[in-house]
Amino acid sequence: MEHPENSQEYAGLQVNSGVEQPSIINPYLQRNRFRRRELSAAEMVEGIVKGDVTILSQAVTLVESVNPDHQAKAQEVIEKCLPYSGHSIRVGISGVPGAGKSTSIDEFGVHVLKEKGGKLAVLAIDPSSERSKGSILGDKTRMEKLAQHPKSFIRPSPSAGSLGGVARKTRETIILCEAAGFDKIFVETVGVGQSETACHSMVDFFLLIQVAGTGDELQGIKRGIMEIADGIVINKCDGDNVEACQMAATNFRNALHFFPMPASGWSPKVLCYSGFYGTGVKEVWDMIYHYMDFVKQNGYFYYRRNEQAKYWMYESINEHLRLSFYHNPQIKRLLSEAEHAVLAGQQTSFVAAQQLLDQYFHQLKNATD
């Protein structure tokens, strides 16, 4: 019995079945009503050139996608945006975690938009977790002023395992932002220390943010990120920390004398400022514009842009070869067998790798014959 209360034992008590509850989903809802129409490559390019940040965001998402179909469309969009690019100041910003990169970008961006006008794009790279493969993408929360500015565009992207402090698709995103009319572009790295050559290969000016009192002054004589910095700034120069920052700046200036003169002919400058209070920001921008005038006058600016284009051509070749190898169906099957052989001690890692490569190139040769 559905309701035992209705049995004869309980005379005078009756429980009705009740009304069947309706579905929480509206049966008259048109499911396709909220589906966004997919734009063609030509429509995307048209929207980007007009400065539509919504379409620009969709294009960046397309570029970052690993779907082969999306990649083909993304390359078409980039190719058509290329003639509209190349007319911006690209500034790479790096530093140790906690140096105040995001806060500084907020101050730098507001200052330059107020003084010089134009539009600013911030490409913030967020480190991806090695375990969950996810990223927080919360850099925008520390850029409160820029996030509300109508002439700014902030795009956080996951590093997705890329080395060098930047995402693989940052270079292509720069082209899209330039086509959208952004004449100033910041590339904020994840702050991985002394291996950020990838960021240096896609910007015009590389700014290294340091803080005093952490022992980093002693790292100044080491090769690495110090060699590629076009300018070094000591953040948090306020309150009781002013003297320590000035001492750190002196140490960094002394350390720079140990390095040979850069190919640009520019001697890197060391400045102090406060990102929290916004003091010394004008001097930082004066240094950047002075550098841009200097390298354009001696021709190094155009030489470096050409070298960067060549560098990323080879990087793209390496990336496509790697994807082609790992996505090959036969290699996928052989990889598992090679792993077991290496783990069982039947084969060395180098011999297993060589056999896989030989098999891959042999397959390519047969396909072309």
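**Entry 1: Asn235**

I began with the surroundings of Asn235. Apart from neighbours within four places in sequence, Asn235 is in contact with Ala99, Gly100, Ser104, Ile209, Gln210, Val211, Cys245, Tyr273, Ser274 and Gly275. I note here that I am reading a predicted model. Asn235 belongs to strand β6, which covers residues 231–235. Is Asn235 buried or exposed? Its relative accessible area is 3%, so I put it down as buried.

Next I looked up its polar contacts. The Asn235 side chain reaches the backbone oxygen of Ala99 at 2.8 Å. A polar atom of that side chain also lies 2.9 Å from the backbone nitrogen of Gly275. Both Ala99 and Gly275 are on the contact list above.

**Entry 2: the whole chain**

I stepped back to the protein chain. I found 13 helices and seven strands. The chain has 369 residues, and 42% of them count as buried. I then checked contacts between residues at least 6 apart in sequence. Of these, 74% join residues at least 24 apart.

**Entry 3: the cores**

Which residues have the most contacts inside the largest nonpolar core? I noted Ile48, Leu56, Leu176 and Ile234, in a core of 48 residues. Helix α2 (residues 53–64) gives this core its largest share, six residues. There is a second, separate core of 31 residues, and it includes Val91, Ile209, Met292 and Tyr300.

I followed up Ile234. Leaving out neighbours within four places in sequence, I listed its contacts, among them Gln210, Val211, Ala212, Cys245, Phe252, Leu271 and Tyr273.

**Entry 4: Thr250**

Thr250 sits in helix α9, residues 242–256. Its relative accessibility is 35%, so I count it as partly exposed. A polar atom of its side chain lies 3.0 Å from the backbone oxygen of Gln246. I also checked Thr250 against Leu271. They are 21 residues apart in sequence, and their C-alpha atoms are 9.6 Å apart in space.

**Entry 5: salt bridges**

Side chains of opposite charge can pair when their charged atoms come close. How many salt bridges are there? I counted twelve.

Lys80 bridges to Glu76, with the closest N and O atoms 3.2 Å apart. Both lie in helix α3 (residues 68–81), four residues apart, about one turn of the helix. Lys80 is partly exposed at 38% relative accessible area, and Glu76 is partly exposed at 37%.

Lys282 and Asp286 meet at 3.0 Å, N to O. They share helix α10 (residues 281–298) and are four residues apart, about one turn. Lys282 is partly exposed at 46%; Asp286 is partly exposed at 41%.

Lys310 and Glu307 form a salt bridge at 3.5 Å, N to O. They are three residues apart in helix α11, so about one helical turn separates them. Lys310 is partly exposed at 42%, and Glu307 is partly exposed at 31%.

**Entry 6: a nonpolar patch**

Which residues make the nonpolar patch of about 400 Å²? I wrote down Met313, Tyr314, Ile317 and Leu321. Tyr314 is placed in helix α11, residues 300–326. Its relative accessibility is 49%, so Tyr314 counts as partly exposed.

Technical notes: Residues numbered from 1 in each chain as written. Predicted model: local features only at pLDDT ≥ 70, side-chain atom pairs only at ≥ 80, totals over all residues. Heavy atoms only, no water. Patch = residues over 30% accessible without salt bridge, like charges linked within 9 Å, V, L, I, M, F, W, Y side chains within 5 Å. Areas by Shrake-Rupley, 256 points an atom, 1.4 Å probe, with all protein chains shown as cover. Salt bridge = Lys/Arg side-chain N within 4 Å of Asp/Glu carboxyl O. Helix = DSSP H or I, 4+ residues; strand = E, 2+ residues; numbered from the N terminus. Buried < 20%, exposed > 50% of the residue type's maximum accessible area, 1.4 Å probe, protein only. Polar contact = N/O pair within 3.5 Å; in protein donor to acceptor, adjacent residues only side chain to side chain. Contact = heavy atoms within 4.5 Å. Core = buried A, V, L, I, M, F, W, Y, C linked by side-chain atoms within 4.5 Å.
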